[in-house]
Amino acid sequence: DVAFCFLPSESVARLASRKNVTLACYPVLNEAFVFFVSPDNPVESLSLDQLRSVYNGTVTNWSELGGNDEPILPFQLSDGCSDQDALTRFVLPAAELMEQPKTVRPGSMGEEAEVPAGYDGSAGAIGYGYLHAVSVRNEDVPYKLLKIGGILPAESAIQEGMETGSSGSSTQVMS
């Protein structure tokens, strides 16, 4: 069998191993793992250490990062989602993540289910994901991409990494 997808999460790799399935992963493209905020947020760039501080709950106000006096709302995605896996793979281990904002939505059987709240474009919001998915998922919600470590995630930067033979660097939050 062949699948074209993001790298499997640790839990998927463990499950495959228990089932005696060998996963052979071959990179076929580069993609950027990006962070984004409201277009009105004056912050343009964060370091990887600053991102870690936001997502572990140490830094809780944008004024601590050069922004407005506004609480930071660090949205996350559901466990098992490739974007959430990238957050825990490239930025901060799952055990160190702060509790994610939640919302209640109707479940599949009419019950109410508590799920991670999605990025809403509010003044304090910060979200993340793979560049292509972010552009599709946030079509109706305004956002601007942040520079991470001084690098703006753009097609040209991704292409440059491909031309130099680099598959990106997890320490620069690129995959």
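Gln 84 lies in helix H3, where helices (H or I, at least four residues) and strands (E, at least two) are DSSP runs numbered from the N terminus. The model is a predicted one, in which local features need pLDDT of at least 70 and side-chain atom pairs count only at pLDDT 80 or more, while totals for chains, interfaces and linings use all residues. Residues are numbered from 1 along each chain as its sequence is written, and side-chain values use heavy atoms, with hydrogens and water left out.

Gln 84 has a relative accessible area of 3% and is buried, a term that means under 20% relative accessible area, with exposed over 50% and partly exposed in between (1.4 Å probe, protein chains only). Its side chain makes a polar contact with the side chain of Gln 76 at 2.9 Å; such a contact is a pair of N or O atoms within 3.5 Å, where within protein one must be able to donate a hydrogen and the other to accept it, and residues adjacent in sequence count only if both atoms are side-chain atoms. With neighbours within four places in sequence left aside, Gln 84 is in contact (heavy atoms within 4.5 Å) with Gln 76, Leu 77, Ser 78, Asp 79, Leu 97, Gln 100 and Tyr 128.

Helix H3 as a whole is largely enclosed by the rest of the structure, because seven of its 10 residues are buried. These are Asp 83, Gln 84, Asp 85, Ala 86, Leu 87, Phe 90 and Val 91, and what covers them includes H1, E1, H2, E6 and helix H4 (131–137).

A nonpolar core is a set of buried Ala, Val, Leu, Ile, Met, Phe, Trp, Tyr and Cys residues joined through side-chain atoms within 4.5 Å. Of the 25 residues in this core, Phe 35, Leu 46, Tyr 55, Val 91 and Ile 126 touch the most other members. A second, separate core of nine residues includes Val 34, Ala 117, Tyr 119 and Ala 125.

The second largest pocket has a volume of about 270 Å³ and is lined by 15 residues, of which Ser 9, Glu 10, Asp 85, Thr 88 and Ala 94 lie nearest its centre. H3 gives the most to this lining, with four residues, and the lining divides into four nonpolar, seven polar and four charged residues. A pocket is an open set of points on a 1 Å grid over the protein atoms alone, where a 1.4 Å probe fits, with protein on both sides within 12 Å along at least five of seven lines, and lining residues have an atom within 4 Å of a point.

| Residue | Relative accessible area |
|---|---|
| Gln 84 | 3% |
| Ala 32 | 0% |
| Ser 38 | 3% |

Ala 32 is found in the loop between H1 and E1, and its C-alpha atom is separated by 8.4 Å from that of Gly 129, 97 residues away along the chain. Ser 38 has its place in the loop between E1 and strand E2 (45–46).

Over the whole protein, with its five helices and eight strands, buried residues make up 35% of the 175 residues.

Key. Grid points are joined across faces, edges and corners, and a volume is the space filled by probe spheres set on the points. Ala, Val, Leu, Ile, Met, Phe, Trp, Tyr, Cys and Pro count as nonpolar, Asp, Glu, Lys and Arg as charged, and the others, Gly among them, as polar.
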